Amino acid sequence: MKSRLIPLILIGILAVVLLGLGIVKGNLFTVKDIVIESQTVTDDDIDAILEIVGINYSDSMLSIDSEKACEVLGLSGTYSCDAITLVYPSTVKIHVEKRIPHAVVESEHVFILIDNECNVISTAQSYDDYNLPTFTGVRIAQYSYGTCLETKDPYQKNLMLSIMETLYSQSTVGLVSVVSLEDPSNMYIITSTGKKLQLNEAADVAAKLSHLATDELQELIFSDEEFTITLYKNSFVIS
């Protein structure tokens with residue numbers, strides 16, 4: 001009985017080994033389908049995403065480090081990655097969104113493109129084609145693609161977040177060309193028509209910017225007259 005059992009055990013072990021080799025080197029667990037799950041990514045982005053994560057059709061599913069690939073995608077700056085899911089035996093699902101540019105931050109040597117959470121998308125010598133508000137006077141501590149821009153004064157970053165939220169929520173972002181954060185006690189903005197709007201102290205900046213949504217202030221912004229406008233919490237003054 002024992003003499004028969006030993007060969008059977010050996011045959012069973014050999015079968016398991018061969019099956020394992022077939023799985024690893026064969027096509028049972030190879031990538032056959034890559035699904036991009038997103039609300040913002042277009043077909044033009046797919047090739048770029050796959051190049052960044054380094055996942056290709058016919059790759060072994062067992063060789064994919066999904067967490068690392070997701071991290072690399074997020075650090076690209078252009079995309080944020082929620083997760084990369086491996087659905088065995090052969091499907092990869094990439095949960096990704098494209099970061100939407102909201103503003104530009106002026107640095108000493110380059111301009112930094114950021115999204116609504118101050119995450120860095122990219123850097124360039126100019127972003128004129130975007131027609132986005134530019135923050136000047138920002139004291140930057142550090143920045144890198146795909147991570148939140150850090151300011152030496154945390155209050156400056158909070159101001160940028162508040163200003164972006166206000167401008168985009170009331171659809172007045174197109175009226176603003178420059179936002180100066182150099183001096184929080186003497187803030188101002190330059191409109192797309194070149195008019196200077198004085199904000200003075202940074203307190204109540206959201207309330208002050210809410211006046212941009214009024215017809216009266218918009219009429220002044222687009223007028224040909226030269227004057228300075230000072231925005232207060234509950235009103236604005238022309239001088």
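How many bridges join strand E5 to strand E6, and do the two run parallel or antiparallel? Four bridges join strand E5 (residues 111-114) to E6, and these strands run antiparallel. The structure shown is a predicted model, in which local features need pLDDT of at least 70 and side-chain atom pairs count only at pLDDT 80 or more, while totals for chains, interfaces and linings use all residues. Residues are numbered from 1 along each chain as its sequence is written, and side-chain values use heavy atoms, with hydrogens and water left out.

**The open sheet**

- Nine strands form an open sheet in the order E6-E5-E4-E7-E10-E11-E12-E13-E14, with mixed pairing; strands here are DSSP runs of E with at least two residues, helices are runs of H or I with at least four residues, and both are numbered from the N terminus.
- Strand E6 (120-124) and strand E14 (236-238) stand at the edges, and each has a single partner strand, so one side of each is left without a neighbour in the sheet; two strands pair if DSSP finds at least two bridges between them.
- On average, and with direction ignored, neighbouring strands of this sheet are turned by 25 degrees against each other, where axes are lines fitted to C-alpha atoms, for helices over the stretch in contact, and angles run from 0 to 180 degrees between N-to-C directions.
- Within the antiparallel pair of E5 and E6, leucine 113 has serine 122 in E6 as its bridge partner.
- Helix H4 (residues 154-169) packs on the sheet, where it touches strand E4 (103-106), E5, strand E7 (134-136), strand E10 (176-180) and strand E11 (187-191), and its direction makes about 155 degrees with that of E7.

- In helix H2 (residues 43-53), Asp45, Ile49, Leu50 and Val53 are buried, where buried means under 20% relative accessible area, exposed means over 50%, and partly exposed lies in between (1.4 Å probe, protein chains only).
- The exposed residues Asp44, Asp47 and Glu51 are carried by the face of H2 turned away from its buried side.
- The buried residues of H2 pack against strand E1 (33-37), helix H3 (66-74), strand E2 (79-87) and strand E3 (91-98), with contact meaning heavy atoms within 4.5 Å.
- Just after H2, glycine 54 takes a positive phi of about 70 degrees.

**Serine 66**

- Serine 66 is found in helix H3 and counts as buried at 18% relative accessibility.
- Leaving aside neighbours within four places in sequence, serine 66 is in contact with Ile84 and Leu86.

**Salt bridges**

- The structure holds four salt bridges, each defined as a side-chain nitrogen of Lys or Arg within 4 Å of a carboxyl oxygen of Asp or Glu.
- One of them joins glutamate 37 and lysine 93, whose closest N and O atoms are 4.0 Å apart; this pair links distant parts of the chain, with glutamate 37 in strand E1 and lysine 93 in strand E3, 56 residues apart.
- Another joins lysine 98 and aspartate 45, with the closest N and O atoms 3.0 Å apart; lysine 98 lies in strand E3 and aspartate 45 in helix H2, so the pair ties together parts that are 53 residues apart in sequence.
- Lysine 98 is partly exposed, with a relative accessible area of 31%, whereas aspartate 45 counts as buried at 5% relative accessibility.
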